[in-house]
Amino acid sequence: RILADTDYVITDSQSQAVYYANLFNVPLEKFTVIRGSVDEEMFSPSAEPRKFDFPEPFVVFTYGTFIPLQGMDLVLDAAEKLRDLPIRFMIAGGSGKKLAHFLETREKKGLSNISHTPWINFNELPSYIRGAGLCLGGPLGGSIQARRVITGKALQFLACESPTVVGLTDETRDLFTDRVNCLLVNPGDSASLADTISWAFHNQERLPSIARQGRLTYEKYYSMAVLKERINAFIDTIPSE
């Protein structure tokens, strides 16, 4: 009812607009796509990299609340597949039953290559991102929602000019190219994730170029300047009374 009565609806991707238009029987013409952005003063290539004290030289970092879209269970599967490589998974966040299940599964599988911290202060996130050899942005999960978006943390990682794993979705399909401006994975596919992380480990000399192109893609499509431009253009389309 609310969407039917409103004059304008803003979404963060075209596929989200199509989904909601069909779901709520609202004309697609009502929707305007304005992609999200990040705090660029905080999430920047100039952030000081954190020095991890893990014995493994290659750190894979991500954080989340363990909702299905994030696919944290796939990280467990990937870590198990890659346990013989000197790779450390650094996971932050989560709570309740989902985190308890994650940690219990880690212990049952004997995955000593996964470290977890329940909390990172927001202003410390950039140092973790910049210090990692690879960041898992996603979405990694196979949920329906995951097919239509790019995650906010993926934008943070890209803005920091860090090598970023991005889920192949309707939002990312036309903007990202595997091994050019990110590393693309199929959401819901732990084998795809493991293969991608393994490739990154064995091709570390290529990651700085991929990270740089990822930052340029962020600037072109997701930067705060682009966000402001699109908001202003949207406002200009609203008739004055």
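1. Helix α6 (residues 152-159) is mostly covered, with 7 of its 8 residues buried (under 20% relative accessible area; exposed is over 50% and partly exposed lies in between, with a 1.4 Å probe and protein chains only). Those buried residues are K153, A154, L155, Q156, F157, L158 and A159. They pack against β3, α3, α5 (125-131), β6, β7 and α8 (207-221), contact being heavy atoms within 4.5 Å. After α6 comes E161, with a positive phi near 55°. Helices (H or I, at least four residues) and strands (E, at least two) are DSSP runs, numbered from the N terminus.

2. On the basis of the values: this is a predicted model, in which local features need pLDDT of at least 70 and side-chain atom pairs count only at pLDDT 80 or more, while totals for chains, interfaces and linings use all residues. Residues are numbered from 1 along each chain as its sequence is written, and side-chain values use heavy atoms, with hydrogens and water left out.

3. The open sheet has 6 strands in the order β5-β4-β3-β6-β7-β8, with parallel pairing; two strands pair if DSSP finds at least two bridges between them. β5 (114-117) and β8 (183-185) are the edge strands, each with a single partner, so one side of each lacks a neighbour in the sheet. From one strand to the next the twist averages 25°. Strands β3 (residues 58-63) and β6 (residues 134-138) run parallel and are joined by 2 bridges; V60 stands opposite L134 in β6.

4. Helix α3 (residues 72-81) lies across β3, β4 (87-92), β5 and β6, at about 165° to β4. Helix α7 (residues 190-202) also packs on the sheet, touching β3, β4, β6, β7 (164-167) and β8, and its direction makes about 165° with that of β8. Axes are lines fitted to C-alpha atoms, for helices over the stretch in contact, and angles run from 0 to 180 degrees between N-to-C directions.

5. Y221 is placed in helix α8. Y221 counts as partly exposed because its relative accessibility is 22%. Not counting residues up to four places away in sequence, Y221 touches R35, L175, V226 and R230.
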